[in-house]
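Have your viewer ready, with the cartoon and the side chains both within reach. We will go from stop to stop, selecting one thing at a time.

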Amino acid sequence: MNIMDRSSEYQKMSNEGLVDLLLNRYHKKLRYDVLTITPLFERVVNVHGNSHNTLAAAKKLFDKVVAHLQFHITKEEQMLFPALVQLSDLNQFKALKGPIYCMRSDHQHDDEDLKQLKILMNDFVPPSGACQSYQKLMVLLSEFVEDTFEHMKIENEILFPRFEVEG
Ligand SMILES: [Fe+2]
Ligand SMILES: [Fe+2]
């Protein structure tokens with residue numbers, strides 16, 4: 001089931017419920033996935049980097065986007081999400097305009113980098129005769145990218161609009 005199927009379910013969730021879902025499903029998994037993918041990616045570059053010349057560039061881009069994502073989710077956890085849960089008055093929501101704008105702009109950059117990663121990694125289709133590590137890397141990376149798109153979509157389309165008041 002993808003996010004489009006679940007979006008009406010997410011729309012009905014409280015702010016606390018959505019924040020809880022983002023923290024316990026998406027942020028936690030992101031950190032876990034990075035720990036699994038990084039050493040595997042490094043091994044694949046070391047073994048196959050010479051014969052597949054986009055691998056090293058893809059690894060470099062992965063490291064960049066992951067560092068940015070980790071910094072981004074820490075900002076959400078420490079600053080934005082506690083405010084989203086605590087503030088209840090429409091007037092107070094105005095103070096969130098700047099922070100939400102920054103998060104949206106982070107998402108935009110990460111979205112572009114992840115799309116570029118997908119291109120560099122041939123849409124995560126392994127080359128013929130790829131070893132098991134290479135195949136596994138493609139599966140994990142593809143899941144990681146799809147999860148991150150979903151994660152950003154929930155924030156952009158369901159959570160943030162609740163706090164974006166006019167005026
Ligand atoms: Fe997030
Ligand atoms: Fe985010």
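**First stop: a helix and its bend**

Start by selecting residues 55–86, which form helix α3: its 32 residues reach 44 Å from the first C-alpha to the last, close to the 46 Å expected at 1.5 Å a residue. The expected span is 1.5 Å times one less than the number of residues. Helices here are DSSP runs of H or I with at least four residues, numbered from the N terminus. Now centre on E77, where α3 bends by about 45°; that bend is the angle between axes fitted to the seven residues ending there and the seven starting there.

A word on the model: it is predicted, so local features need pLDDT of at least 70 and side-chain atom pairs count only at 80 or more, while totals for chains, interfaces and linings use all residues. Residues are numbered from 1 along each chain as its sequence is written, and chains are lettered from A and ligands numbered from 1 in the order written.

**Next stop: a loop**

Move to the loop between α5 (97–120) and α6 (132–159) and pick D123. Its phi is positive, about 55°, although D123 is not a glycine. D123 counts as exposed because it has 9 C-beta neighbours inside 10 Å (12 or fewer is exposed, 20 or more is buried, and in between is partly exposed, with C-beta atoms placed from the backbone).

Then select F124, in the loop between α5 and α6. Phi of F124 is also positive, near 65°, and F124 is partly exposed, with 17 other C-beta atoms within 10 Å.

**Last stop: α6**

Which residues of α6 are buried? Colour L137, L141, F144, T148, H151, M152, I154, E155 and L159 to see them.

Conventions:
Helix = DSSP H or I, 4+ residues; strand = E, 2+ residues; numbered from the N terminus.
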